[in-house]
Amino acid sequence: MGQFIQFAINGLMSGAIYALIAVGIVSVYKATKVVNFAHGYLIMFGAYFYFTFAVIIPGQEWAPTWLASWKPDWMVEMREGLGMFSPLGAVLDWAANVPRIILGLVGAVLCNAVLGRVVERTLMRPLMGQSVFAMIMVTVGLISILSGSASLIWTADAAFVPHIAPNTPIRFELFGSMIFLFGADIVNMIIALLIFGGIVAMVKFTKSGVAIRATAEDQSTAYSMGISVPKIFSRAWVLASATGAVAGAILATRNGISPSLGLFGFSVLAIVLMGGLDSYVGCFIAAMSVGVLEAMTQWKLGGEWAEIVPYVAVLVVIIFRPHGLMGQKEVERI
Amino acid sequence: MINGNLKADYGADERVLNNRNKQLFVYGSMLLLALFPLFADDYAVLMACKMGILLIAVVGINVLTGYTGLVSLGHGAFVAIGAYSTVIFSNLFSGLPAGILPIIVVPLAILVSALVGIIVGLPSLRVKGLYLAVATLAASFIVKFLIEQDLFAPWTGGIVGIDTPVPNLLGWELDTKREMYVLITALAVGTMLAAQNLFRTRVGRAFIAIRDRDYSAEILGISLLRYKLMSFAISAGYCGLSGALGAYFFARILPEQFGLDLSLELVAALIVGGMGRTLGPLFGVVVVLLVPEMIKITMSGATGGSLEWARYTAPLQEIVFGLLLVFFLLKEPLGINQITDRILRSANRWPFARG
């Protein structure tokens, strides 16, 4: 039982990150009817940008020393005399990294937003009004372009990336069994859920959210109602790549940076289809359940098998519910 | 004014090569292909073999995506199944005389691929377009994962790959690339003619009807279940043949060879060449394989083969590959075949107006 709860909680935490990535795919789909196969590679760019701003730039000679390691006197005093694994020590270690974490996150989000806008303007905008197949295939081509560019730009070996939050181990008792968690994982989950909730609320309540929904419903009607559809398109792409940057930064701290981060996008794509392409709620449920299923598979069958859980899950769901758990059925007229 | 199209009887109208220009082109290129190994160097023969192997798979995916309108991003898996079945059956039936082994093993590999194709195609009855693309992608990840498992390692060799047998056709051992070229080219030409022929039959016409509008096709009495699965089986079978040839061609096969890259390469070749056209796969394969190769040659020529620059070659090839795909989608969605059509048409009408 204890292990079950432990793995379930681990699963929920990775599920939250899946949800954060899924929100980018769903937002782009809702606004533009394009499924972004290259979203995983946008995330990989986010991770590399975070690495650039949080590790490479503070490591340069011209960078101020407080950027790489911020150690005011009061912090040094507090640090003295603390044990190896004390929680306060972990927090202080993290505090020394705060400047570069902030720089990293801001830089990653900004750069990725620019990247998303460039992609939208150069590749997607010319295809507006063309067949969806062509648009999707353009994102498939984008996979190669992005992954090639990444290995061209970042040739250095990826080093340690600072955690976004203090990584103190947390132990507590739940239903009579010990649960063991890391602080950074919890904060990551909270960030992911906040961003997810924020985007859902934005789409639901704000004016631009209504515009996105109207565009999703019917592009030409939205156009004639005075909504600038191209603007909605680029906003959706910017939103997706900016959230992707945060997701990339989180993934970089969890699993390290490597070109295989891009492949992560495909499992999230499977999750999105499982939940239903145009439903935030469905995607959230799917992301959480796949997260938990993966953790259970890891527990019972070993880590390798967890890799294909999303794919098996999506195949099973698609056979029984072709439009995903909560997706809207497409009405086809002949 | 289109010349050379006088049809005196129905038989002439129904032929695959129904005019003089086509006959000239096909017989001429067959002759060229036959003479090619006599004057080409080893490197050219190697490239030609690779193209032939890829071509068969692209012809397969053309049947599914180009003619039946079902998008698949996971056809690399069928190539993998063809390749691995060839090796596994060869090891299983190693008691048989070597001369007849490929004649048994290759059809079996094609059959296994086709069967897996039917299984993977099952979701196509309920989902279309994008959902199907992701379903096939998911299936291909699963297939690759299973091949890599230690559980099946005694048969598949696991993640480190497995050595492949040398093909032996009735005592003729094809142990050089030049001999393999003969086999691959013969089969590639054969499959292209077979694919072209398929679309003169009832089955092929049903595929095209499904592509154009599946509900309308169903109302016309075409069983979607039957023909969609048949399309999947045929296209997977082609890919299986391609995999079998690949297994014979390469000394060793690894799971990584059949990953996402291969699936994307197949689709890219199809789009670049022209979907739903017989010669599309041919043009596509030539471009998709030659352009990265040319980059490699130019890079090593320009930098004098220095190792420092060599590591930029692979990413550059990848970028150019993606740019090719994007360029054709943006500028020429019907592919190279459309360009050649335009040139041929204006040549045909010269000196009158093009159009």
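Predicted model: local features only at pLDDT ≥ 70, side-chain atom pairs only at ≥ 80, totals over all residues.
Student: Is A:G327 buried or exposed?
Tutor: A residue is buried if 20 or more other C-beta atoms lie within 10 Å of its own. A:G327 has 20 C-beta neighbours inside 10 Å, so A:G327 counts as buried.

Student: Which residues does A:G327 touch, and what separates the C-alpha atoms of A:G327 and A:L277?
Tutor: Not counting residues up to four places away in sequence, A:G327 touches A:G276, A:L277, A:D278, A:S279 and A:G282. A:L277 is 50 residues from A:G327 along the chain. The C-alpha atoms of A:G327 and A:L277 are separated by 5.9 Å.

Student: Is A:G104 buried or exposed, and with which residues is A:G104 in contact?
Tutor: A:G104 is found in helix α5 of chain A, residues 87–124. A:G104 counts as buried because 27 C-beta neighbours lie inside 10 Å. Leaving aside neighbours within four places in sequence, A:G104 is in contact with A:Y50, A:F53, A:A54 and A:A249.

Student: What distance separates the C-alpha atoms of A:G104 and A:L263?
Tutor: Along the chain, A:G104 and A:L263 are 159 residues apart.

Student: What is the phi of A:K33 near, and is A:K33 buried, partly exposed or exposed?
Tutor: A:K33 lies in the loop between α1 and α2 of chain A. Its phi is near 60°, a positive value in a residue other than glycine. With 16 other C-beta atoms within 10 Å, A:K33 is partly exposed.

Student: How far apart are the end C-alpha atoms of helix α7 of chain A?
Tutor: Helix α7 has 23 residues, 183–205, and at 1.5 Å a residue it should span 33 Å. The computed distance agrees with that span. The end C-alpha atoms are 32 Å apart.

Student: Which elements cover the buried residues of α7(A)?
Tutor: The buried residues of α7(A) are A:A184, A:D185, A:N188, A:M189, A:I191, A:A192, A:F196, A:I199 and A:V203. What covers them includes, in chain A, α1, β2, α8, α10 and α12.

Student: Which element gives the most to the side of chain A that touches chain B?
Tutor: The contact takes 35 residues from chain A and 33 residues from chain B. On the chain A side, α6, α11 and α14 each supply at least two residues. With 16 residues, the element that gives the most is α6(A).

Student: How do the residues of the side of chain A that touches chain B divide by class?
Tutor: The classes are nonpolar, polar and charged. The residues divide into 27 nonpolar, six polar and two charged.

Student: How far apart are the centres of the two domains of chain B?
Tutor: Chain B is divided into domain 1, residues 39–258, and domain 2, residues 260–355. Taken over C-alpha atoms, their centres are separated by 22 Å.

Student: Which helix gives the most to the side of domain 1 of chain B that touches domain 2 of chain B?
Tutor: The contact takes 24 residues from domain 1 of chain B and 18 residues from domain 2 of chain B. By class, the domain 1 side has 14 nonpolar, nine polar and one charged residues. The helices α3, α4 and α8 of chain B each supply at least two residues of that side. With 13 residues, the one that gives the most is α3(B).

Student: Why are the buried residues of α9(B) on the same side of the helix, and which exposed residues does the face turned away carry?
Tutor: In helix α9 of chain B, B:G204, B:A206, B:F207 and B:I210 are buried. They cover an arc of only 155° around the axis, which puts them on the same side of α9(B). What covers them includes α3, α8, α10 and α11 of chain B. The face turned away from the buried side carries the exposed residues B:R202 and B:D212.

Student: In which helix of chain B is confidence lowest?
Tutor: Chain B averages a pLDDT of 86, and 97% of the residues score at least 70. Confidence is highest in helix α11 of chain B, at 93. Confidence is lowest, at a mean of 72, in helix α14 of chain B.

Note on methods
Residues numbered from 1 in each chain as written. Chains lettered and ligands numbered in written order. Helix = DSSP H or I, 4+ residues; strand = E, 2+ residues; numbered from the N terminus. Expected span 1.5 Å × (residues − 1). Buried ≥ 20, exposed ≤ 12 C-beta atoms within 10 Å, placed from the backbone. Contact = placed C-beta atoms within 7 Å. Domains from an automatic or database assignment. Nonpolar A, V, L, I, M, F, W, Y, C, P; charged D, E, K, R; others polar. pLDDT = per-residue confidence, 0-100. Arc of directions from axis to C-beta.
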